[in-house]
Amino acid sequence: MSPLIRKDSARSAGTAQANWVREFRDVLDSNEPGLTFDATIRVEWRRQEGGPGSTTAYEDAGRAVRRIAESFASQRSVLRWEATEQDINHDLRRLLPWCTEGIEILRAQVTLHVDDHAHATAQRIAQLKREETLEELARRQTAARVRFMQDEILRTPATARLYLLLEQTAHHGYLPPGVDADQIVRDVQQWHPKAQWVAVAQLLHTFLGKLTDKDAGDLLRTLHVLFLEYGQKELAEQLPMEPGQRDSERPA
């Protein structure tokens with residue numbers, strides 16, 4: 001049974017009012033499922049002067065303090081038991097003296113403790129959360145790198161070659177054997193988005209997309225004839241004769 005101690009107040013004998021002290025133990029849930037704080041709760045109280053007597057005052061005093069302790073504990077990790085204890089007692093001191101349920105709470109104190117098993121378990125949980133956070137960060141960085149490679153680096157052969165060159169230079173501090181820096185510059189200039197042939201190719205692509213299949217086919221056949229007239233037989237053979245035609249569908 002929880003101890004209940006009666007203390008005489010310092011008032012005169014004619015108006016003396018008894019103060020009572022209750023101390024009990026409980027477990028408080030933390031924000032980690034299955035892990036709890038061991039709590040010792042001590043409360044000193046008396047009935048409010050002039051208020052009706054209550055047979056439940058013994059339970060009411062402890063319950064009022066316990067509810068405050070529970071509200072803090074449920075939001076905290078057991079790894080922070082000392083900080084949680086400090087915050088609970090700070091809030092209690094701010095409230096006192098506290099009148100509730102027909103009683104006046106004069107003093108209250110909560111002492112927390114966490115056993116070794118709960119503490120070790122909480123540390124493992126925290127470590128797993130840190131690892132999950134790092135893994136998620138690594139996944140996001142990889143996804144961002146892939147998008148960058150797709151949108152920027154692999155957009156043209158020139159940018160891909162330049163990127164590879166920069167990566168190798170950063171790691172080794174010099175150009176790899178056989179690399180012609182001047183040729184790379186020419187390639188980059190050739191594939192620049194504002195280069196004439198790139199702009200023409202983009203316009204042709206847009207123009208073909210706006211034509212009917214019949215008109216697009218006529219245009220492709222015209223280009224085929226044009227390539228042949230300029231002696232570009234190999235290019236003419238690579239040109240699809242119908243819009244969307246794959247290499248395997250091209251006539252032999």
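**Reading strands, turns and a loop serine**

User: In this predicted model, how many bridges pair strand β3 with strand β5, and in which sense?

Analyst: Strand β3 (residues 36-47) and strand β5 (residues 103-113) are paired antiparallel through 10 bridges, where pairing requires that DSSP finds at least two bridges between two strands, and strands are DSSP runs of E with at least two residues, helices being runs of H or I with at least four, numbered from the N terminus. Within this pairing, T40 lies opposite T111 of β5. The model is predicted, with local features needing pLDDT of at least 70 and side-chain atom pairs pLDDT 80 or more, whereas totals for chains, interfaces and linings use all residues. Residues are numbered from 1 along each chain as its sequence is written, and side-chain values use heavy atoms, leaving out hydrogens and water.

User: Which strand forms a hairpin with β3, and which turn residue has a positive phi?

Analyst: Strand β2 (residues 19-29) runs antiparallel to β3, joined by 10 bridges, and L28 has F37 of β3 as its bridge partner. Between β2 and β3 there are 6 residues, and G34 in that turn has a positive phi of about 90°.

User: Where is S77 found, and is S77 buried or exposed?

Analyst: S77 sits in the loop between α1 (57-73) and α2 (81-95). Buried means under 20% relative accessible area, exposed over 50%, and partly exposed in between, using a 1.4 Å probe and protein chains only; S77 is buried because its relative accessible area is 15%.

User: Which residues is S77 in contact with, beyond its neighbours within four places in sequence?

Analyst: With contact taken as heavy atoms within 4.5 Å, those residues are N31, E32 and F37.
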